[in-house]
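Please look over the model below before reading on.

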Amino acid sequence: MSMTLPPSGGSELTPGPGVPEPGPGAGAPPAPSRRGNSVWRDAFTRLRRNPAAIAGAVIVVVFLLVAAFAPLIAPYGGNDLPGRKEIIPTHIPGPGEFEQYLLGLDRFGGDVFSKLIWGARASLVIGVVSTAFGLVGGMALGLLAGGFGGWVDNVIMRFVDILLSVPNLLLAVSIAAVLGQGQYAVMIAIGVSAVPIFARLLRSSMLQNKGADYILAAQTLGLSRRTITMSHLLPNSVGPVIVQATLTLATAVIDAAALSFLGLGGGLPQTAEWGRMLTYAQAELGIAPQLAFLPGACIAITALGFTLLGESLRESLDPKSR
Amino acid sequence: MLRVIGKRIALLVPTLLGLSILLFVWVRNLPGGPATALLGDKATPEAVARINEAYGFDRPIIVQYLQYMGKLLSGDFGVSLQTGRTVTEEFATRFPATVELTVVALVFAIGVGIPLGYWAARHVRKWQDHFSVVLSLLGIVIPVFFLAFILKWVFAIQLPWFPTDGRQNPRINATHITDFYVLDGLLTREWDAAWDAFMHLVLPGLALGTIPLAIIVRITRASVLEVVNADYVRTARAKGLTEKLIRNRFILRNAMLPVTTTIGLQLGLMISGAVLTETVFAFSGIGRFLRDAIFTLDYPVLQGFVIFIAIFYALINLLVDISYGLIDPRVRVQ
């Protein structure tokens, strides 16, 4: 399995003054800052030679740029309806019909091109926030379970089992039902449903590393359990979690679109969100299929980018692939 | 084997108990409190007070929980705010539709996925392999509901081969015994009804089956690659056994264990997918009903359906564990 990330050098054994004690927010990727031939640097070298990784990275970078510079790229605002007057019930202007609306209009009179661009921003925000939420929650649970073991481990893992006993989307829907419709509800719902996987991954990876020689060495040196867990066990166990976070970004983008497709996003009907655009494309599938295909393709391509990147990262961290 | 099954069922109890506590807390945190949630639009102060007394929402929390559990155990999940029928009844009439859909999706996913994964593994790093890998990647990144749109547009709107929505053409006056429409048609010998119901299942089934298909392809490929060079396969070949025998008895059988797990896990995901697919195809299964329940804030339905689905999901996982024993005798011994 790709879970084991053996420490690369003997320098790991002594906690030199240069190794900072990770604080409570130890969720940040710890290793890249380390010098020497760390696993991360090694993985990065291999990543650059992998065409799938490059393709994924390019998609992700383009997506990030579009999301960041949405106000500069999009000709109209996300919720604007510049073409309201051109819409008649039987006809929705498609791509090329009006020079100023590159990809045509939707049923509300919104500019599809602008909405796709603003939709990237919405997806990015939901994807990143909900993944971060799941990551922090899952890592906290996994760290407690893996760090303490015993009954703490038991209680936490049973709780995770309960969360896992409800299918993901259903869990998200139930959460959104309590929180009401809206962006925050969607983010929390997706975040919570991502907690179990992070918790399980970190725990199992920590358990695998617990028996490693460098942990034994650290124990022999008389380091405290906290230091061992936080500065040795955690940094060496976090690899699979980071890989999973990249992959979760892909599913978060898809799930966010699914929830807003189901109508849990809240806000105005014409809000620029890819999932929402698909909801309203449903009725016009026969006369204006591009209204469904364009946002759908955006979701798929973004998810593809994160998936390619995540999988390549997983491969490059796998000791077997060296 | 029986002891293993018993142990697994025993392990289910704490999980479901925990879930019931979560759901209990959940109902109490619904906007406006449980009484308002139960009453919906009809929530006048008098009605709220009446519900609070009838359901005992004014009593101590432990008593409330025990009462709630008592109701659940006796199968009383309340009444749907929208239809006025009991939640159990609603579930029972819609569940067969979703099961039919899931079966079609699963047959498609397994029937195509395992051969494709095997084929990819036997031609590893050739075009067949790349083709399967790309195909499965696409299956994972294309959202189910978007795929449903594409299928509907191509095969129901542009090429009118399949119906666009529903479970059966309402003009067919079919008799329904079991609420499994295809099965009903076969039982009553109304062949046209069975065929029509089946045609309604094809597109949603394909849409729903694509993600499991993609994942089954990957897992099959990976696990066939694990065993294909195993010593016992080489021995079998050295003994001069036919390729067919080696494939069926040695490679596939040993490679199937991870695939079985995957299929079990996918079933849970398919319930999520069913919510989306059924919405696109206006297919009246539990998924679409749940979706409507979100909008109409039909909390008894939401709560009841979540419990039913969790139990169903747990049973599936149990079956998967049992099937390990059937596939791999080593598991039986432990």
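1. Which elements of chain B have the lowest and the highest mean pLDDT? Helix α14 (residues 329–333) of chain B has the lowest, 64. Helix α5 (residues 87–122) of chain B has the highest, 91. pLDDT is the predictor's confidence in each residue, from 0 to 100. Helices here are DSSP runs of H or I, at least four residues, and strands are runs of E, at least two, numbered from the N terminus. Where pLDDT is low, the predicted coordinates should not be read in detail.

2. Ground rules. This is a predicted model: local features need pLDDT of at least 70, side-chain atom pairs count only at pLDDT 80 or more, and totals for chains, interfaces and linings use all residues. Residues are numbered from 1 along each chain as its sequence is written, chains are lettered from A and ligands numbered from 1 in the order in which they are written, and side-chain values use heavy atoms, with hydrogens and water left out.

3. Overall confidence. Chain B averages a pLDDT of 82. In that chain, 92% of the residues score at least 70. For the complex, the predictor gives an ipTM of 0.79 and a pTM of 0.80.

4. The nonpolar cores. A nonpolar core is a set of buried Ala, Val, Leu, Ile, Met, Phe, Trp, Tyr and Cys residues joined through side-chain atoms within 4.5 Å. Buried means under 20% relative accessible area, exposed over 50%, partly exposed in between (1.4 Å probe, protein chains only). The largest core has 129 residues, and L259(A), F145(B) and L302(B) have the most contacts inside it. Helix α11 (residues 243–280) of chain B gives this core its largest share, 14 residues. A second, separate core has 28 residues, including L201(A) and M206(A).

5. R276(A). This residue lies in helix α11 (residues 274–281) of chain A. R276(A) counts as buried because its relative accessibility is 6%. Beyond four places in sequence, its contacts (heavy atoms within 4.5 Å) include Q183(A), S260(A), F261(A) and P269(A).

6. A cavity is a set of points, on a 1 Å grid over the protein atoms alone, where a 1.4 Å probe fits but cannot get out; lining residues have an atom within 4 Å of a point. Grid points are joined across faces, edges and corners, and a volume is the space filled by probe spheres set on the points. There are two cavities of 30 Å³ or more. α11(A) supplies the largest share, four residues.

7. The second largest cavity. Its volume is about 80 Å³. Among the residues that line it are A122(A), S260(A), E273(A) and W274(A). Here the largest share, four residues, comes from α10(A).

8. Backbone checks in chain B. Phi of R125(B) is near 65°, positive in a residue other than glycine. R125(B) sits in the loop between α5 and α6 (127–141). R125(B) is exposed, because its relative accessible area is 73%. A282(B) also has a positive phi, about 45°, and is not a glycine. Its place is the loop between α11 and α12 (286–296). A282(B) counts as partly exposed because its relative accessibility is 27%.

Notes: On a 1 Å grid over the protein atoms alone, a cavity is a set of points where a 1.4 Å probe fits but cannot get out, and a pocket is an open set with protein on both sides within 12 Å along at least five of seven lines; lining residues have an atom within 4 Å of a point.
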